[in-house]
Amino acid sequence: MMRRAALLVLVVLALSPARGFAADPVTRERLPNGFTVIVRENPLAPVVAVSLLVDMGTRLERPEQAGISNFVHAVMVKGTQKRSGAAIAERIAALGGKLSAAGESDYSEIRGTALARFWRDLLGLTAELALEPKLAPDDVPDERDYVLSRVQRRADSPASRAFDEFYATLYGAHPYALPVLGTRASLARIDHAAVVAHYRAFYRPERMVLAVSGQVTAGDVLAETRRLFGAMPGGAGTPDPPIPAPVFAARRVVVEAPAQQVQILSGGLAPSMDHADHAAVKVLGTVLGGGMAGRLFAELRDRRGLAYNAAAYYDPVRGPGALVLYLGTAPDNALRAEEALKGEIARIKREPVSAEELARAKGYLLGRYAMDRRTNERQAWYLAFYELARVGADYPERYRRAVEAVTAADVQRAAQRYLAAPTTLVLRPK
Amino acid sequence: MLASRVPAGLVLALLLVLGAASGCAVVSDGREGRGAGGGDLPRPTREVLPNGVVMIVQPHRASDVVALQLWMRVGGRDEAPDDLGLSHYLEHMLFKGTASRPPGSIDRMIEGFGGASNAFTSYDYTHYDVVLPAEHVRSGIELLADIAVNASFPPEEIDGERQVVFEEMRLLEDDTDRFLVRRLYETAYAEHPYGRPILGPRPLIETLTRERLDRYYKKLYAPANMTIVVVGAVTPRQVRPVVAATFGRLAARPAPRATVAPSVPDGARRSVSVDRAEKQAYLGLAWKAAPISGADVLAVDLLTYILGDSPSSRLNLAVRERDRLVFTIESGYGAWEKGGLVTVTARLDPVNLDRAERSILDVIRRVQAEGVTETERQRAIITAESAYAFDIETAEGLAKAYGQAETTWNLDGELGYLAKLRQITAAEIQAAARKYFGTDAMPYSARVRFVPR
């Protein structure tokens, strides 16, 4: 369609300092049954976004039922007690909207968007999907085939495959090792009864957070939310199972797959998003691989032509994080690229970063963070996620101050601690 | 393409791999968004400077940032046979340095401000994008005017970038969805410039010299081919003098583009089958349709929405949900200056290749025979309205819509797009289906199959 961006064009254009966003009023309310709702009034564009997060994801899964959180949501969107999946799809399209549901590692999400004048319909459909899913036995095998096709697609994609193998190696027994989509074996085991049981165990008001952002009035949205979600029975659910700790093991794993490019991933376990070292590791990752002035991009790609992709990733997560340094390169360059990557890791542990590099990294990091929170869709997600992770509504401001306070010594210490003995995965063409 | 059916985990991985790390992106599949006007914003200011540079300014106060985009009327279609790939190579080189800016300093400056840059090459245009805190608007405009004419092409940077472009070629081949659309364009357009690889053929890139690159740059990077778009927390009064003092001072000179014949539906049918390493098959069908300024562009746009834009589209309901022949299916419309192409792409089990194709063509024949419903027409219009409303949430989204319209079409057309779209009737949509979407004897312009080895 003309108005849709190409896959490639979805590069996030990052930047700008964290200003100009605080002004929009945010209202938060916990209903008597434990359900939480957050509304952000943003008058600027005639749109609305909702994010309904549920405390349910791979972090609470076991290997034998890996992917069940996501699978439950795949079946949920097939229809409700009132409407077929096709009827829901037609209804949401008529609102100029989108509605989807998926499981992730730290949460599951039903998310939707629409033109703002249809906010009430969007909220109603979201509630219908969440509270009255049909979960029909017939939908289970069909959706299993569909999810299996996506598992296959990930296995066929060199980059996705490399990241999946890397996390499996790095996290070991910790459930972040599990693929969000599940595995062939686990999906074969998940039957209709398991889907229903899992849904019932987790769709409880105290585990749910709804955030709404857009051209709406908080009072109206709160009233509608109380009406839609207030009747859910609250009360004690079962406590979460203990989560196994990752077993530290610095390993080098080589995988062969049909591909043109070699993928090289190297990194280690890192702090969770509410840990005191979080900001220092964010800055460390940005010095190494954030943006085009990051060391991996500037040195390995631009100066030495050893890689095309060169970046570092460290996502904020509730459990142990992962700092990943990533290169995508030609087979002829692979050995030199891996050596150069080791060289960069050794260098940042050995030498403090310069004041200019530190300032660049902080500017880039905070700019990107502010840029990412400009749309209603992202705002709704951030508000709901911070609430679910229980890090506090002032997290963005505390995070900004923590990043600004990071020193060159902090970065060096973080490198020495979290990149002490990196795990490495190489995926190369067969 | 990354809409609701794709799991966030995969989106993330794709962004990680395709986006965050790549200095540029090639728009090779024509799925560029043409922004739609008619929203709540005031009219943008558009001025043509005496030397031919077009300036477009739009205040946008959603945040304290400004999006600056330099749009060049230079793209893959301007390349002579031994220039293939130069538009894209230039795009890689411009942020590398100028006479007064050493290699690396441009990225450090932008990222130090908390900003970001990117650049894109397509058939009809190339654009250079910067987003910055609004207080740095002057530095941003000065930078874009500088790279537009003073790029220095340091020899060691040119050599280093060769490997990067080769990597980009490998990456494209590893990305099945993008590669499928690339092959569809190649197959449908054959010898026409829209059938060429934007990245260029490898042998030409291997032997590319600084002189050739510089000659191509000096020939086409002239004021008459430039549009500077500024959208954000700024006013035309602030921006005008800065643009006048930078872009306004560039010397006017003729910069004729290569003549490219329009590509019209020609009754040809081409088909290729490619052996691939994936375990799943991919099917792509394409039809030549109206170019961006064509009279039928709005009807084809609505038809494409109705066929394959969402889970409630006809192809999804029939081929995926009812017949269960594909895992995913969608349609796209690339409306270019000299031609248009509608594509339908699906991922499926290889045993279903023939049946899925028949099912897709059945859906199309039915639209041709019976037309579309009023409900479908209205839903497609609301979808377009909504896509526009979400685009204008960010300064860069709006800047892109304006830049693309000015470069390949015209700004007024862009601003009146939604209003005109609302007037398209169901009969016009059916007529477009009959005109462009083939017959039993000639069912498509191009077909590409990826078949597991």
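So, chain B: it has 17 helices and 12 strands, where helices (H or I, at least four residues) and strands (E, at least two) are DSSP runs numbered from the N terminus. Before I go on, this is a predicted model, where local features need pLDDT of at least 70, side-chain atom pairs count only at pLDDT 80 or more, and totals for chains, interfaces and linings use all residues. Residues are numbered from 1 along each chain as its sequence is written, chains are lettered from A and ligands numbered from 1 in the order in which they are written, and side-chain values use heavy atoms, with hydrogens and water left out.

Okay, overall shape. The C-alpha trace of chain B spans about 60 × 50 × 45 Å along its principal axes. With 453 residues, you'd expect a radius of gyration near 22 Å for a compact globule, and chain B agrees, at 22 Å. That radius is taken over C-alpha atoms, and the globule rule is 2.2 Å times the number of residues to the power 0.38.

How much of chain B is buried? That's 68% of its 453 residues, with buried meaning under 20% relative accessible area, exposed over 50%, and partly exposed in between (1.4 Å probe, protein chains only). Now contacts, meaning heavy atoms within 4.5 Å: among those in chain B with a separation of 6 or more, 84% come from residues 24 or more positions apart.

Let's zoom in on B:N150, which sits in helix α4 (residues 137-150) of chain B. At 36% relative accessibility, B:N150 is partly exposed. Leaving out residues up to four places away in sequence, B:N150 touches B:T98, B:A99 and B:Y217. B:T98 is 52 residues away along the chain, yet its C-alpha is separated from that of B:N150 by 5.3 Å.

Over to chain A, and A:H198 in helix α7 (residues 192-202). Buried or exposed? A:H198 counts as buried because its relative accessible area is 9%. With residues up to four places away set aside, A:H198 touches A:M56, A:Q65, A:I68, A:S69 and A:V72.

The axes of α10 (residues 295-303) and α11 (residues 334-350) come within 11 Å and cross at roughly 145°; axes here are lines fitted to C-alpha atoms, for helices over the stretch in contact, and angles run from 0 to 180 degrees between N-to-C directions. On the α10(A) side, the contact is made by A:R295, A:L296, A:E299 and A:L300. On the α11(A) side, A:A337, A:A340, A:L341, A:E344, A:R347 and A:I348 take part.
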